[in-house]
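Please keep the sequence and the coordinates in view while reading.

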Amino acid sequence: MVVQASKAATVTLPGDKQILMTREFAAPRHLVYRAFTTPDLVKRWWGADLGEVTVAEIDLRVGGAWRYVMVPNGGPEVGFHGEYREIVPNERIVSTEVYEGMPDGEALNTVTFTEENGRTTLTILVQHRSQADRDAHLNSGMEAGMQRALDLLEQVAVSLG
Amino acid sequence: MARAATTTDAFNAVAEPRRREILDLLATGERSVNDLVRLLGLAQPQVSKHLRVLREVGAVGVRDDGRQRLYRLNGQALRPIHDWVSQYERTWSARFERLDSVLEELQQEERDGGTGEQGRDRDAPRR
């Protein structure tokens, strides 16, 4: 199941505990990597259109911590933090992620950067410890993998208007 | 973790693998219970039970056709699932679009003669 975005970002659910995002960028990977690991740069994109990123702390070494805080438009701030588990410069970052509003649900994020012809494919695999965690992460009552249902939706949802 | 009762929403209704199979089958067209029993290799009471759950959340509809009851898919009821994924996707798409502009700037910097060294950090926020 692939949800097509305006700029070809895809979000898939490869397993019951996983969320996978893939996106291609018109830039070499050392720059994408830099944008991912430089606090001032992270502050500029990580808030999406949801709010302002007020904190972006990055201690980029194995065992080092990171913490991002965002103030959503009109809402109370939300914080995320984690620890780096594996770092291969310009290639791969593995880190834990905890949403501070739900401190028991720790996810493991694997970010990979692959370059081809000056373009970079970025993948972010979010691995939760349980389906319940993944689903709680997105605040829903869903209890199990829904890949097949989503495959189905790909066929039918488009026509719903 | 607390969760909603099985029949309360589309998410729970599709959580059961056999029910997803039923939806897959119905995606290709209307089917009678007998058809579903045959295709799924399940006993009729089980199939009927699954269909009841799917009906309660509106994911399938039913009509009488002579002596048969024909079940069909109602995609609208599954819309919340689609929306859920879309919401996640929207956040990341927005992030990625912002990242695009950051990357454009970084590339411009490199073209302007920088080597991307830390020293020439012109990454101050532009707000």
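Over the ring of which residue does the charged end of Arg95(B) sit, 4.2 Å from its centre? The ring is that of Trp46(A). A charge is said to sit over a ring if NZ of Lys or CZ of Arg is within 6 Å of the ring centre and within 35 degrees of the ring normal. The charged end of Arg95(B) also sits over the ring of Trp92(B), at 4.6 Å from the centre of that ring.

This is a predicted model, in which local features need pLDDT of at least 70 and side-chain atom pairs count only at pLDDT 80 or more, while totals for chains, interfaces and linings use all residues. Residues are numbered from 1 along each chain as its sequence is written, chains are lettered from A and ligands numbered from 1 in the order in which they are written, and side-chain values use heavy atoms, with hydrogens and water left out.

Trp46(A) also belongs to an aromatic cluster, together with Trp66(A), Tyr68(A), Phe80(A) and Tyr99(A). Over all chains, the structure holds nine aromatic pairs; rings of Phe, Tyr and Trp (its six-membered ring) pair if their centres lie within 6.5 Å, and planes under 30 degrees apart count as stacked, over 60 as edge-to-face and the rest as tilted. Phe25(A) and Phe96(B) form an edge-to-face pair, with 5.5 Å from centre to centre and 85° between the planes. This pair crosses between chains, joining strand 3 (residues 18-25) of chain A to helix 5 (residues 79-111) of chain B. Helices (H or I, at least four residues) and strands (E, at least two) are DSSP runs, numbered from the N terminus. Phe25(A) is buried, at a relative accessible area of 0%, and Phe96(B) is buried at 1%. Buried means under 20% relative accessible area, exposed over 50%, and partly exposed in between (1.4 Å probe, protein chains only).

In chain B, Gly75(B) lies in the loop between strand 3 (68-73) and helix 5. Gly75(B) counts as buried because its relative accessibility is 10%. Its C-alpha atom is separated by 8.8 Å from that of Ala27(B), 48 residues apart along the chain.

Confidence remains to be considered. The predictor gives the complex an ipTM of 0.70 and a pTM of 0.63. The mean pLDDT (the predictor's confidence in each residue, from 0 to 100) of chain B is 80, and 80% of its residues reach 70 or more. Over residues 1-7 of chain B the pLDDT is below 50. Where pLDDT is low, the predicted coordinates should not be read in detail.

Methods:
Contact = heavy atoms within 4.5 Å.
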